[in-house]
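Please examine the protein model shown below.

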Amino acid sequence: MKELIEIQSQLKVPKGNINKFGNYKYRSSEDILESVKPLLKKNNATLTLTDEIINIGIKYFIKSTAKFSVNEILIKTEGAGLLVVVCS
C-alpha cells in the first residue's frame, strides 16, 4: 500500500497550539485533518473517522473508528475507552 506510506512520509503537522496550564505545545485533531486532506486528494485516498458512545451496564465507552481507503483496499482500525463524566 504505497499510497499510505507516501501520505505518512509527507504528513507534517506543526504543534501550533499551547496548553497554558501544562505549558506544552500540541497539535489538534483538526490540525492533523487539515494537513492530511491535500495528501489524501493527491493519492486518491479517503480517510473516515467516526465516534460512537456505547453503554455497557452502568458504564459508557467511546468507540472510535478510522477507515483508510485507496484503490478498493480498506484498512480499518477501532479503539474504545471508558468515558468518564465528572460532576461538580
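Leu83 lies in the segment after strand 5, and its relative accessibility of 34% makes it partly exposed, since buried means under 20% relative accessible area, exposed over 50%, and partly exposed in between (1.4 Å probe, protein chains only). Strands, like helices, are DSSP runs numbered from the N terminus (helices are H or I with at least four residues, strands are E with at least two). Leu83 belongs to a nonpolar surface patch together with Ile53, Tyr60, Ile62 and Val85, and these residues have about 470 Å² of accessible area together. Patches are made of residues with over 30% relative accessible area and no salt bridge, where nonpolar side chains (Val, Leu, Ile, Met, Phe, Trp, Tyr) are joined within 5 Å and like charges within 9 Å. Accessible areas come from the Shrake-Rupley method with a 1.4 Å probe, and for residues only the protein chains shown count as cover.

This is a predicted model, in which local features need pLDDT of at least 70 and side-chain atom pairs count only at pLDDT 80 or more, while totals for chains, interfaces and linings use all residues. Residues are numbered from 1 along each chain as its sequence is written, and side-chain values use heavy atoms, with hydrogens and water left out.

The interior may be considered next. In soluble globular proteins, nonpolar side chains tend to be buried together. The largest nonpolar core has seven residues, namely Ile7, Val36, Leu39, Leu40, Ala45, Phe68 and Val70; such a core is a set of buried Ala, Val, Leu, Ile, Met, Phe, Trp, Tyr and Cys residues joined through side-chain atoms within 4.5 Å. Helix 2 (29-42) and strand 4 are the elements that give two or more residues to this core, and helix 2 gives the most, with three. Ile7 is found in helix 1 (residues 2-10) and is buried, with a relative accessible area of 5%. Leaving aside neighbours within four places in sequence, Ile7 is in contact with Val36, Leu39, Leu40, Asn43, Ala45 and Phe68, where contact means heavy atoms within 4.5 Å. Although Ile7 and Val36 are 29 residues apart along the chain, their C-alpha atoms are separated by 7.6 Å.

How do strand 3 and strand 4 run, and how many bridges join them? They run antiparallel and are joined by twelve bridges; two strands pair if DSSP finds at least two bridges between them. Within this pairing, Thr50 stands opposite Thr65 in strand 4. The two strands form a hairpin with two residues between them, and Gly57 in the turn has a positive phi of about 65°.

Most residues other than glycine have a negative phi. Asn71, however, has a positive phi of about 50°; it lies in the loop between strand 4 (59-70) and strand 5 (73-82) and is exposed, with a relative accessible area of 56%.

Side chains of opposite charge can pair when their charged atoms come close. The whole structure contains three salt bridges, each defined as a side-chain nitrogen of Lys or Arg within 4 Å of a carboxyl oxygen of Asp or Glu. One of them joins Lys37 and Glu34 (3.2 Å, N to O), which both lie in helix 2, three residues apart. Another joins Lys63 and Glu78 (3.6 Å, N to O), linking strand 4 to strand 5 across 15 residues. Lys76 also meets Glu78 in a salt bridge (3.5 Å, N to O), and the shared partners join Lys63, Lys76 and Glu78 into one network.
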